[in-house]
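Here's a quick briefing for anyone meeting this structure for the first time. Have a look at it, then go through the points below topic by topic.

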Amino acid sequence: MTDTLDDDDMLAAEYAIGLLTGEAFEAARARVASDPAFAARVVSWEQQLAPIADLPPLAPPAGARAALLQRLFPEPAPVPFWRRLGLWQALTGGALAVAVALAVVDLGPIAPPTRGPLYAAEIASDIGDFRVVALVDKARDEVFLVRTAGAAPAGRILQVWAHGPDEPAQSVGLWPEGESVALALPPEIAAVRGTLTLGISEEPPGGSPTGRPSGRVFGTVDIPGVTGAQH
């Protein structure tokens, strides 16, 4: 693995752990939205962090995460975590304990890739109190979301929305609990070509009563260049 990849892996870990601030955080956040390879590294670190932090285990669609890693890194070469000295020097307290645990995590075998484009994006609130990483899998017409900051208010749930250019928002599904969710894209959303917009709002139990976002919209993101599955 090259030095560039080593640095990217360290940066993805720092971003997932929450060590970055200011311009470094904004630059990494921009890369999550524009660089699928870097976004995949961030998602991988966040998936490893979840069980260590006593969060519910993540349950991505069958093979989706493995397929993404296989397509981006066909011959992975793991780098010992202790070689990334810059990260160790920045960690203290609980964050250091998390990093020690991450040093021995084994990602396991990687399954064959699926045939279809994968798109990574981040949905974040303007004030930074809510953040979700999204992976759109066009091989299965599914979206896999990992919540990395924030949550719905007590007594409310999250609802995922999507639409194509100049179209109204349509519900993709409810996200009532847990750090992650996998949702099938409705046929109208799966058929979108070009720019696909994803958003998340907080709604009453059972979802929006209006068919459109009725509570706070935490954020939206435009994913350009969306195409269909490869055949």
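**The hairpin**

Let's start with β4 and β5, which form a hairpin with six residues between them. In the turn, D166 has a positive phi of about 60°. Keep in mind that this is a predicted model.

- Strand β4 covers residues 157-163 and strand β5 covers residues 170-175.
- The two run antiparallel, and five bridges join them.
- If you want a pair to look for, W161 stands opposite S171 in β5.

**The chain overall**

- The protein chain has seven helices and eight strands.
- Of its 231 residues, 44% are buried.
- Take the contacts with a separation of 6 or more: 64% of them are between residues 24 or more positions apart.
- The protein chain exposes about 11,200 Å², and 57% of that comes from carbon and sulfur atoms.

**The four-stranded sheet**

- There's an open sheet of four strands, in the order β1-β2-β3-β6, with antiparallel pairing.
- Its edge strands are β1 (118-124) and β6 (180-184), each of which pairs on one side only.
- From one strand to the next, the twist averages 20°.
- Helix α2 (residues 22-34) packs on this sheet and touches β1 and β2 (131-137). The direction of α2 makes about 140° with that of β1.
- Strand β3 (residues 142-149) runs antiparallel to β6, and five bridges join the two.
- Within that pairing, L145 has V181 in β6 as its bridge partner.

**The nonpolar cores**

- The largest nonpolar core has 27 residues. The ones with the most contacts inside it are V136, V143, L145, W175, L198 and I200.
- Strand β8 (residues 217-226) gives this core its largest share, four residues.
- Apart from that core lies another one, of 17 residues, including L20, F38, V42 and F144.
- So what does L198 touch, beyond its neighbours within four places in sequence? Its contacts there are I123, A134, V136, V143, W161, A162, G219, T220, V221 and I223.

**A closer look at F144**

- You'll find F144 in strand β3.
- Is F144 buried or exposed? F144 is buried, because its relative accessible area of 3% falls under the 20% cut-off.
- F144 and A184 are 40 residues apart along the chain, yet their C-alpha atoms are separated by 8.9 Å.
- F144 also belongs to the core of 17 residues mentioned above.

**A closer look at A190**

- A190 sits in helix α7 (residues 187-190).
- Why does A190 count as buried? Its relative accessibility is 11%, and buried means under 20%.
- Leaving aside neighbours within four places in sequence, A190 is in contact with K138, D141 and L185.
- A190 and A162 are 28 residues apart in sequence, and the C-alpha to C-alpha distance between them is 9.8 Å.

Conventions. Residues are numbered from 1 along each chain as its sequence is written. This is a predicted model: local features need pLDDT of at least 70, side-chain atom pairs count only at pLDDT 80 or more; totals for chains, interfaces and linings use all residues. Side-chain values use heavy atoms; hydrogens and water are left out. Two strands pair if DSSP finds at least two bridges between them. Axes are lines fitted to C-alpha atoms, for helices over the stretch in contact, and angles run from 0 to 180 degrees between N-to-C directions. Contact means heavy atoms within 4.5 Å. Buried means under 20% relative accessible area, exposed over 50%, partly exposed in between (1.4 Å probe, protein chains only). A nonpolar core is a set of buried Ala, Val, Leu, Ile, Met, Phe, Trp, Tyr and Cys residues joined through side-chain atoms within 4.5 Å. Accessible areas come from the Shrake-Rupley method with a 1.4 Å probe; for residues, only the protein chains shown count as cover.
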